[in-house]
Amino acid sequence: MRTNIVTATVDDFHALSRRNKMTTEVVAPPRCQACLSTDIQVHPASRRTGLVIHECRGCGLHALAERPELDDLVELLDVDRDWFAGWVERTRGDVIDSSHAQVLDRLATMVGTGDDRSLFDVGAGEGGFLAMARDKGFRPAGNDVATGAIDLARERNGIELFMGDLSTLGDIGQYDVVTMWCVLAHVPDGNRLLSDALELLKPGGVLYLQTPRWSAMDTAGMAAHDVTKGRSTRITDRRLALHHMALHTPTSMRTNLERLGYEIVSIEPKVRYSLNTADYLGSLGVGQKAAERLAKPIDKLLERDLFFRNVIDVYARRPH
Ligand SMILES: [Zn+2]
């Protein structure tokens, strides 16, 4: 069965790992991939998924102890057009469009105006962001690893994406801007992705990324997870699993990017839920009726930016 990394159940991933005989060997001692500290708290394995979360006591990064191979993930992600279109249906178009517009306006102020500005979107999906970038005067380019995304981007937005991960591209040092909307947490090796992105940028070019953040909701979920020794894991399983392999803090993000050679411009926690609320609650295991009832008051909070700040927005530069 073809599925998608964002909505795949843990069982899908376990089936994948069994099929591919994924290694579950944990390298000792554990090391934080953001700040390289070995001062790591190992939380109890989830009884439902068997997954183990490492918490860095230095920078606060929470990350999965075990990672799949990139090739195995790429295979899982290679969903077809109709599956991808179904996924897009479940997202909040208005929230996504207004976030895209805000980010593009800020990027324009950072790299200047003019039609020669180039922007590369990593994991560009159906290409809605790149289409808006093109409307605002950027020269758009991007990649994806799902055939369905490549097809939809062409069909809906007339954008031709590269098929494959960044390491397969030869466009070194060509772009004014590189963007990643919720891509970093999806890859097994975030350092490699960030280094590849740095190479795509011209000197002085800007990286924008959005990635899920360790929030108050996660702290509460982890407390339940710990006190029940991995039995009560509804939140931790949803928020930190093979579809989101790392949750950053502003400190871990800053440390990670500076270590790789970026100059930080800003790192800001934001409220941004791109899935419909009822679907999001459903993914936390809330029944459909209850999810529909709960969605209304939560939507009210979201409208006023009062729900958990679930992501961080990051702007950083490749030094001159
Ligand atoms: Zn760390």
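Predicted model: local features only at pLDDT ≥ 70, side-chain atom pairs only at ≥ 80, totals over all residues.
Residues are numbered from 1 along each chain as its sequence is written, and side-chain values use heavy atoms, with hydrogens and water left out.

View 1. Helices (H or I, at least four residues) and strands (E, at least two) are DSSP runs, numbered from the N terminus. Ser 99, His 100, Val 103, Leu 104, Leu 107, Ala 108 and Met 110 of α4 are buried (under 20% relative accessible area; exposed is over 50% and partly exposed in between, with a 1.4 Å probe and protein chains only). The elements that cover these buried residues include the strands β4 (118-122), β7 (175-181), β8 (201-212), β10 (263-270) and β11 (311-317), together with helix α5 (128-135); contact means heavy atoms within 4.5 Å.

**View 2. The zinc site.** Four protein donors, the SG atoms of Cys 32, Cys 35, Cys 56 and Cys 59, lie 2.2 to 2.3 Å from the zinc ion. Donors are N, O and S atoms within 2.8 Å of the metal (3.2 Å for Na, K and Ca); water is not among the atoms, so sites may look incomplete. The angles among the 4 donor atoms are 103 to 117°, and the site is tetrahedral (for four donors, all angles between 85 and 135 degrees). The spacing of the donor residues in sequence is C-x2-C-x20-C-x2-C. Cys 35 belongs to the loop between α1 (10-19) and β1 (40-42), and Cys 59 to the loop between β2 (53-56) and β3 (62-64), so the pair ties together parts that are 24 residues apart in sequence. Cys 35 is partly exposed at 22% relative accessible area, whereas Cys 59 is buried at 5%.

**View 3. Aromatic pairs at Phe 120.** The structure holds 5 aromatic pairs. Rings of Phe, Tyr and Trp (its six-membered ring) pair if their centres lie within 6.5 Å; planes under 30 degrees apart count as stacked, over 60 as edge-to-face and the rest as tilted. Phe 120 and Phe 162 are stacked, because their ring centres are 6.2 Å apart and their planes lie at 20°. Phe 120 is in strand β4 and Phe 162 in strand β6 (residues 162-163), so this pair ties together parts that are 42 residues apart in sequence. Phe 120 is buried at 0% relative accessibility, whereas Phe 162 is partly exposed at 34%. Phe 120 also forms an edge-to-face pair with Tyr 175, at 5.2 Å centre to centre and 65° between the planes. Tyr 175 lies in strand β7, 55 residues from Phe 120, and is buried at 7% relative accessibility.

**View 4. An aromatic cluster and two arginines.** Phe 129, Trp 181, Tyr 208 and Tyr 315 form one aromatic cluster. Arg 106 lies over the face of Tyr 315, at 3.9 Å from the ring centre. Arg 117 lies over the face of Phe 138, at 4.3 Å from the ring centre. A charge sits over a ring if NZ of Lys or CZ of Arg is within 6 Å of the ring centre and within 35 degrees of the ring normal.

Key. Tetrahedral: all angles 85-135°; square planar, octahedral: opposite > 155°, others 65-115°.
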